[in-house]
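Have the structure open as you read.

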Amino acid sequence: MCCASFSVGIDCNSVEKKIYVDLNYTVPCVRLLNATHQIGCQSSLSGDVGVLHVLESEENLDWVLNTGHSPPYMVILEAELFTRSIMMKLKNGSRRVAGVAVIEPNTNLPGGFSPHTKCPNENTGVYTEKYDPALARCNATLWNPLGNGLSYEEFDFPIFSLKDDNDTQVIRQCYLDHNRGANGSIPEYPLCAMQLFSHMSAVTDTPTCIRRNKIQHDFSISPGTCTNLCSLPPTICTSTNDLSLMLTVPLDSRSFFFDLAPGAQSSASGLIALLAAAQALKNITEAAQPNKTILYAFFEGETFDYIGSSRMVYDMRNGQFVVDLDNVHSVVEVGQVTENSQIWLHSDPVSRRNSSVDEEVCVFLIFEESSGAAAVNTNVSVQEPQESQPLPPASFQRFLRERPLPGIVIQDHASTFTNRYYESMFDNPENLNMSYPPDLTPEQKLNFVTETAKALADVATLIAQTLFLQAGGEAAQAPSITADPQIVTQLLYGFLVRSKNSWFEQIVPSDFVSRLVDRPTNFYTGVHMQKSEATFLVEYILANLTGKVVNVTQEDCKNQRENKDDKESKHMFSYAWVQGALAANSTERDSFCVRSSVRWSTAKSPAFDLEDLTSTDYSTWTESRWKKITGRIFLVASHDLEMLTLGVGIAILLVSLFLTYMISSKADILFCAGREPTSATY
């Protein structure tokens, strides 16, 4: 019996493989919710099925929406046709649309593409009708003019992204062989079809989602269950009166598709510049601590209405963070910076009406411009936009909602974004003009200093020198502070090409090596209970660049102490036992302990702690849960043939039931054995 059962299983599996071709790389659009509504995409519970149709132009939509003879259709879009105009037409004709698959190209679109809004985070920044009506809702400056808002639309069918590889070639060939009629004729069955599974459990809005989640844990949880990172010098832990100068950067990005957020210019460029600046400041600030403490902060969830920064401000205001809001002297935020030789220093015109704030901002600008002029071997020029122009979308806006505060936001644009692919899947290394000579090995690419790396190192040098001067450092020492292009190029490769590389492997604990992958870092912040990819990497990179190697045992290091009698260090430092480099001619690694002041704090939106799920002050975004994300193609028969097959099957069933009944009722006659005579003799 065991052998028979095993044989049946093999046969069934083989039949399934002959019918279906599974798609290997599928990235879906998922459902998100906030206080008022839901956005995103989903399939039905059993997946949506449609006949494949490769859309060749917008004029070709009529076949899908009106004239095609075999609806519903699964529409295959080349990236250049993934526009708001086409998607809204498909949405409005959704009864004839089963789903959409977008083919991700190998090169970026020439004209630009941004599925985000034209005014990012417009409802949760500082510029409200109360703060200044003239600046509210991007009335003064439209930051993202290419934004088409697709990421904030709701679609009642699944939308997937497919890589332009073997899978898409199979799909195209299947369409040409079966679905494209010769000489404009109607194609004949069997037709090539696709099935997409991406059913989302959550519905309606965040209050509904959370209420149902308390009853049955199958719906959604807050995307804010992530972490902020910061580097806190030990002096902060022993003194509560020091003024802090904060250097901040957003740590996340997104695109229309879940888990496909390269964030090269929107997030990674500023992040890398900050990390390089922190490394450049390490030695000089250790030798002589400036008057003001420099605090590095990395905020998660900023794409979703400033989750990370609003949480830190909330904790500061309520005494739940090591630094009080009143002790924050000023803020410098690093935003989108590129290989361009020009950067812009943005400030808030409303808070600068306060004379003391304006004076501090002017000092910032003087230091920055003087650093730009005096920095050795840099080509960065510094400019300031018009005084009446508001801040671009930035975490600093959440600090200004609490009190007037000196600060600047460093960007590569004067008004509208230079990033033509803001918060999209095309915001990749190509968008930063990253390139390598041909035939380099991965290890050689890791260490090859690109032109992009040199440009970002110049920006990092400018940031580091300005920060040092603003913190009270001696002007004569500032020119000696320079960022290392080698560090920058390794960071660019690790974040934007592949995190699985020899340098990253050296600076993470062995338990986390499996999280290093042969692809770019995903900067999306979701509802995972573990730290996001970016947070995990930045934690150990920052510790490596700003920390110190200490000679302690592995046991003491993992127990957050210098020795068995040490009870205080864990309150001031964090310790990490990292892999280290491979020993010469060996497979063993020279592991060591890194002591740093890197800490993480919760980046959960205060709205969920306050149970104010309809809040207009804090983010209320949640992400739906799901069980299966898959796609497959197969051949489907005509509806008439399916009905005929069903009818024949029902007829055979009825005949079988009738014959079974007749045979059963006559069983005593048909199967009765003849009786032997009673007088039989032997």
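The second largest cavity has a volume of about 130 Å³. This is a predicted model, in which local features need pLDDT of at least 70 and side-chain atom pairs count only at pLDDT 80 or more, while totals for chains, interfaces and linings use all residues. Residues are numbered from 1 along each chain as its sequence is written, and side-chain values use heavy atoms, with hydrogens and water left out.

**How the spaces are defined**

- On a 1 Å grid over the protein atoms alone, a cavity is a set of points where a 1.4 Å probe fits but cannot get out; a pocket is an open set with protein on both sides within 12 Å along at least five of seven lines; and lining residues have an atom within 4 Å of a point.
- Grid points are joined across faces, edges and corners, and a volume is the space filled by probe spheres set on the points.

**Second largest cavity**

- Its lining is made up of 17 residues, and Cys-119, Glu-122, Tyr-127, Cys-138 and Gln-397 lie nearest the centre.
- By class, this lining has 12 nonpolar, 3 polar and 2 charged residues (Ala, Val, Leu, Ile, Met, Phe, Trp, Tyr, Cys and Pro count as nonpolar, Asp, Glu, Lys and Arg as charged, and the others, Gly among them, as polar).

**Largest cavity and Ser-266**

- The whole structure holds 8 cavities of 30 Å³ or more, and the largest cavity contains about 240 Å³ of space.
- Pro-250, Ser-266, Pro-393, Tyr-422 and Glu-423 are the closest to its centre among the 20 residues that line the largest cavity.
- That lining divides into 7 nonpolar, 9 polar and 4 charged residues.
- Ser-266 sits in helix α7, residues 264-287 (helices, H or I of at least four residues, and strands, E of at least two, are DSSP runs numbered from the N terminus).
- Ser-266 counts as buried because its relative accessibility is 8% (buried means under 20% relative accessible area, exposed over 50%, partly exposed in between, with a 1.4 Å probe and protein chains only).
- The Ser-266 side chain makes polar contacts with the side chains of Ser-253 at 3.3 Å and Asp-427 at 2.9 Å (a polar contact is a pair of N or O atoms within 3.5 Å; within protein, one must be able to donate a hydrogen and the other to accept it, and residues adjacent in sequence count only if both atoms are side-chain atoms).
- Not counting residues up to four places away in sequence, Ser-266 touches Ser-253, Gln-336, Asn-419, Tyr-422, Glu-423 and Asp-427 (contact means heavy atoms within 4.5 Å).

**Largest pocket**

- The largest pocket has a volume of about 600 Å³.
- Of its 23 lining residues, Tyr-25, Glu-104, Lys-163, Leu-260 and Pro-520 lie nearest the centre.
- The lining of this pocket has 11 nonpolar, 6 polar and 6 charged residues.

**Two loop residues**

- Pro-72 lies in the loop between α2 (61-67) and β6 (73-78), and its relative accessible area of 31% is why Pro-72 is partly exposed.
- Ser-198 is found in the loop between β9 (191-197) and α5 (206-215), and at 0% relative accessibility Ser-198 is buried.
- Beyond its neighbours within four places in sequence, Ser-198 has contacts that include Pro-28, Phe-160 and Lys-628.
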